[in-house]
Amino acid sequence: MSRKGNKLISIPDKVSLNVQKDFVDVKGPLGTLKVDYPSSLITVAQENGKVKVTRANDDKQTRMYHGTVGSNLANAVDGVSRGFSKILKIVGVGYKAAIKGNTIDLAMGYSHPVVFEIPAGLKVNCPTPTQIDIFGYDKQAVGQFAAVVRDVRPPEPYKGKGIAYSDEFIIRKVGKTAEGSKKK
């Protein structure tokens with residue numbers, strides 16, 4: 001039994017769904033998303049301001065699609081109505097970020113600046129040189145761009161320097177100490 005797949009999805013007032021044979025168009029104040037699903041295995045029905053996802057049989061593949069389609073639809077409805085955001089923190093002397101036009105410019109201790117073009121549909125803001133705010137209506141696009149930016153300099157465990165998510169906890173390691181170098 002899929003808990004995610006059986007869960008009814010509430011549709012806010014400003015969001016409209018258009019259920020087609022193999023996809024669902026979700027339109028809201030922030031944008032439009034398209035959620036694909038296999039119509040031979042999964043049925044999507046809209047009734048009384050809620051969306052219900054049902055499956056045709058209990059095969060393993062069908063059960064996997066059931067939960068996935070339910071989660072993707074819930075994320076799409078949430079995204080076009082409220083949106084998703086990720087906040088990245090930059091730690092390290094001389095490490096900083098800046099927005100220049102449609103690009104984000106990162107100075108991360110390399111011999112050259114690292115420049116990324118901001119994807120369409122995302123809003124990126126740097127309130128301080130050590131913080132990057134990423135906002136968008138597509139959960140996958142927000143998470144992917146945040147991961148790409150973080151991969152420039154992932155946080156290291158000894159001093160904690162690098163780019164980390166704001167809610168990420170870095171497990172710190174102790175370095176070499178005089179205690180470890182004593183020989184008996």
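Buried residues are those under 20% relative accessible area, exposed residues those over 50%, and partly exposed residues those in between (1.4 Å probe, protein chains only). The structure is a predicted model, in which local features need pLDDT of at least 70 and side-chain atom pairs count only at pLDDT 80 or more, while totals for chains, interfaces and linings use all residues. Residues are numbered from 1 along each chain as its sequence is written, and side-chain values use heavy atoms, with hydrogens and water left out.

A search of the whole structure gave 4 salt bridges, a salt bridge being a side-chain nitrogen of Lys or Arg within 4 Å of a carboxyl oxygen of Asp or Glu. Among them is the pair Asp78 and Arg82, with the closest N and O atoms 2.7 Å apart. Arg82 has a relative accessible area of 60% and is exposed. In the pair Lys100 and Asp105, the closest N and O atoms are 3.0 Å apart; Asp105 is buried, at 15% relative accessibility.

Glu168 and Arg150 also form a salt bridge, with the closest N and O atoms 2.7 Å apart. Glu168 lies in the loop between strand 13 (162-165) and helix 4 (178-181), and Arg150 lies in helix 3 (residues 139-150), so this pair ties together parts that are 18 residues apart in sequence. Helices (H or I, at least four residues) and strands (E, at least two) are DSSP runs, numbered from the N terminus. Glu168 is partly exposed at 26% relative accessible area, whereas Arg150 is buried at 17%.

Asn48 is found in the loop between strand 5 (42-47) and strand 6 (50-55). The phi of Asn48 is positive, near 55 degrees. Most residues other than glycine have a negative phi. Asn48 is exposed, with a relative accessible area of 79%.
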